[in-house]
Amino acid sequence: MILCYLAMGFSRGNPIAKTASMRMTSALNRNISFYFRKELIAPYEFWRLKQLTALVNCLLVGAGGMIGSVGRYLFGLLPIKMYHSFPIHTLLINIIGAFMIGLIVALAEKNSNTSPQLLLFLKVGVCGGFTTFSTFSWEAMDLLQGGKFTVALVYMVLSVVLCVSAVAITSIIIK
């Protein structure tokens, strides 16, 4: 509602912009998707609406990233036994994240009414915060520098093959 109030702030005294703001307010209440006709609002107000849309998208990505990052942290706390310093937590997180993003995309393709903001929240926010390619890269390099070449090779191959397979499996499941 705060964003709706901010959107109404720039429309004082301008009945056309006020109409666009009211449409945006009701659209936010429905699905956080903006419906307005460009030709009904002045270029400045259109630019402000684009800024507001970008702000809402940033908040959605940030909220999703928080959920994904906390989920990743909590998953890393699970008591899973590691063998030969093999980074099993990161491998499992990446496989689960790859499966999740594959599932999200497959379901979105099946349902054309999926909100772009929901996809942004889930794909970029939640999955981006949950998966750990940078951690994967660091752990693989650490294994190589530690002289554990076989473990590093197995880890890298399993990560790539299993994560790509997880995405492929979701498209088979959904079809």
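Contacts between residues 24 or more positions apart make up 63% of those with a separation of 6 or more in the protein, where contact means heavy atoms within 4.5 Å. The model is predicted, so local features need pLDDT of at least 70 and side-chain atom pairs count only at pLDDT 80 or more, while totals for chains, interfaces and linings use all residues. Numbering starts from 1 along each chain as its sequence is written, and side-chain values use heavy atoms, with hydrogens and water left out.

**Overall makeup**
- The protein has seven helices and zero strands, so the pattern along the sequence reads α-α-α-α-α-α-α; helices (H or I, at least four residues) and strands (E, at least two) are DSSP runs, numbered from the N terminus.
- Of the 175 residues, 35% count as buried, with buried meaning under 20% relative accessible area, exposed over 50% and partly exposed in between (1.4 Å probe, protein chains only).

**Helix α7**
- Helix α7 covers residues 149-174, and its 26 residues should span 38 Å at 1.5 Å a residue, which agrees with the 38 Å between its end C-alpha atoms; the expected span is 1.5 Å times one less than the number of residues.
- Its buried residues are V151, A152, Y155, S159, C163, A166, T170 and I174.
- An α-helix has 3.6 residues a turn, so residues three or four places apart point the same way.
- The buried residues of α7 pack against α4 (88-110) and α6 (133-145).
- T170 sits in α7 and is buried, with a relative accessible area of 0%.
- Neighbours within four places in sequence aside, T170 touches F99, G102, L103 and A106.

**Where α3 meets α4**
- The axes of α3 (residues 43-76) and α4 come within 10 Å and cross at roughly 140 degrees; axes are lines fitted to C-alpha atoms, for helices over the stretch in contact, and angles run from 0 to 180 degrees between N-to-C directions.
- That angle makes α3 oblique to α4, since under 35 degrees counts as roughly parallel, over 145 as roughly antiparallel, 65 to 115 as roughly perpendicular and the rest as oblique.
- On the α3 side, R72, F75 and G76 meet H89, L92, I93 and I96 of α4.

**G68 in α3**
- G68 belongs to helix α3 and is buried, at 2% relative accessible area.
- G68 and G128 are 60 residues apart along the chain, and their C-alpha atoms are separated by 7.0 Å.
- Leaving aside neighbours within four places in sequence, G68 is in contact with V126, G129 and F130.
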